[in-house]
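Dear colleague,

I am passing on the structure below, together with some notes on what a look through it turned up. Please read the notes with the coordinates open beside them.

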Amino acid sequence: MKVAGRRLFKLTLVILILLLLGVAALQYILYVELYPYKYEESLRKYSLEYSVEDLLILSVIKAESKFNPDAHSHKGAYGLMQITEDTGKWIADQMGIQNFSGDMLYDENLNIKMGCWYLNNLYQEFGDRDLVISAYNAGRGNVQKWLKDHNYSKNGKDIHNIPFPETENYVKKVNIYYKIYKYLYN
């Protein structure tokens, strides 16, 4: 009876250790691989400076570049937050950044700073996360048009039908990432 009890104890201990290793591996995958909190210093600094929630910024970065600071899209967007050179030049002018060039968008710190400034600027205009995310993807001019069109907005304040499938999917993706980040980091 003592031998069977020891075997059961050892088996239980092995199962417990395997479960703990599995939980640790899952946490590693979630927190480090799938939903990391990278660029923490820049994120915290600029999220505070521009009043944009850090978890939203992380969600945008994950959707835009999957945290690749060297990302370059076929539409000519660069860096972590995938800012186009034209938008980057406009943001740089608004922020008073001198001698701006598109290559500067590969600088992680500057890219996050400019992206946070831009998100704040969109929030000032639209005041709603979904509209801000839509404008970040499709452009503020498109969102302004959609808000004036009853096919897309019944009340002129929110959009019930996003006419660009890419933007509709982007808004859903960023919101899913945001919910996951809130769950993991709050």
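How many residues does the largest nonpolar core have, and which of them have the most contacts inside it? Bearing in mind that this is a predicted model, the largest nonpolar core has 51 residues, and those with the most contacts inside it are Ile57, Ile61, Met81, Met114, Phe126, Tyr136 and Val143. Two or more residues of this core are given by each of α2 (40-49), α3, α4 (85-95), α5, α6, α7 and α8, and the largest share, 9 residues, comes from α5. As general background, nonpolar side chains in soluble globular proteins tend to be buried together.

Not counting residues up to four places away in sequence, Asn121 touches Trp90 and Arg140.

Helix α6, which spans residues 129-138, is mostly covered, with 7 of its 10 residues buried. Those buried residues are Leu131, Val132, Ile133, Ser134, Ala135, Tyr136 and Ala138, and they pack against α3 (54-65), β2 (83-84), α5 (108-126), α7 (140-148) and α8 (165-185). At the N-terminal end, α6 is capped by Asp128, which places a side-chain oxygen 3.1 Å from the backbone nitrogen of Asp130. After α6 comes Gly139, with a positive phi near 100 degrees.

Turning to charged pairs, a search of the whole structure finds 7 salt bridges, and the following are among them. Glu40 and Arg44 meet through their side chains in a salt bridge, at 3.1 Å from N to O; because they are 4 residues apart in helix α2, about one helical turn separates them. Glu40 counts as partly exposed because its relative accessibility is 41%, and Arg44 likewise counts as partly exposed, at 40%. Arg44 also forms a salt bridge with Asp54, where the closest N and O atoms are 3.5 Å apart. Since Arg44 lies in helix α2 and Asp54 in helix α3, this pair ties together parts that are 10 residues apart in sequence. Asp54 itself is buried, with a relative accessible area of 16%.

In helix α8, Glu168 and Lys172 are 4 residues apart and are therefore separated by about one helical turn; they form a salt bridge whose closest N and O atoms are 3.8 Å apart. Glu168 is partly exposed, with a relative accessible area of 31%, and Lys172 is partly exposed as well, at 47%. As for shared partners, salt bridges join Glu40, Arg44 and Asp54 into one network.

In general terms, an α-helix has 3.6 residues a turn, so residues three or four places apart point the same way.

With best wishes

Terms used:
Residues numbered from 1 in each chain as written. Predicted model: local features only at pLDDT ≥ 70, side-chain atom pairs only at ≥ 80, totals over all residues. Heavy atoms only, no water. Buried < 20%, exposed > 50% of the residue type's maximum accessible area, 1.4 Å probe, protein only. Contact = heavy atoms within 4.5 Å. Polar contact = N/O pair within 3.5 Å; in protein donor to acceptor, adjacent residues only side chain to side chain. Core = buried A, V, L, I, M, F, W, Y, C linked by side-chain atoms within 4.5 Å. Salt bridge = Lys/Arg side-chain N within 4 Å of Asp/Glu carboxyl O.
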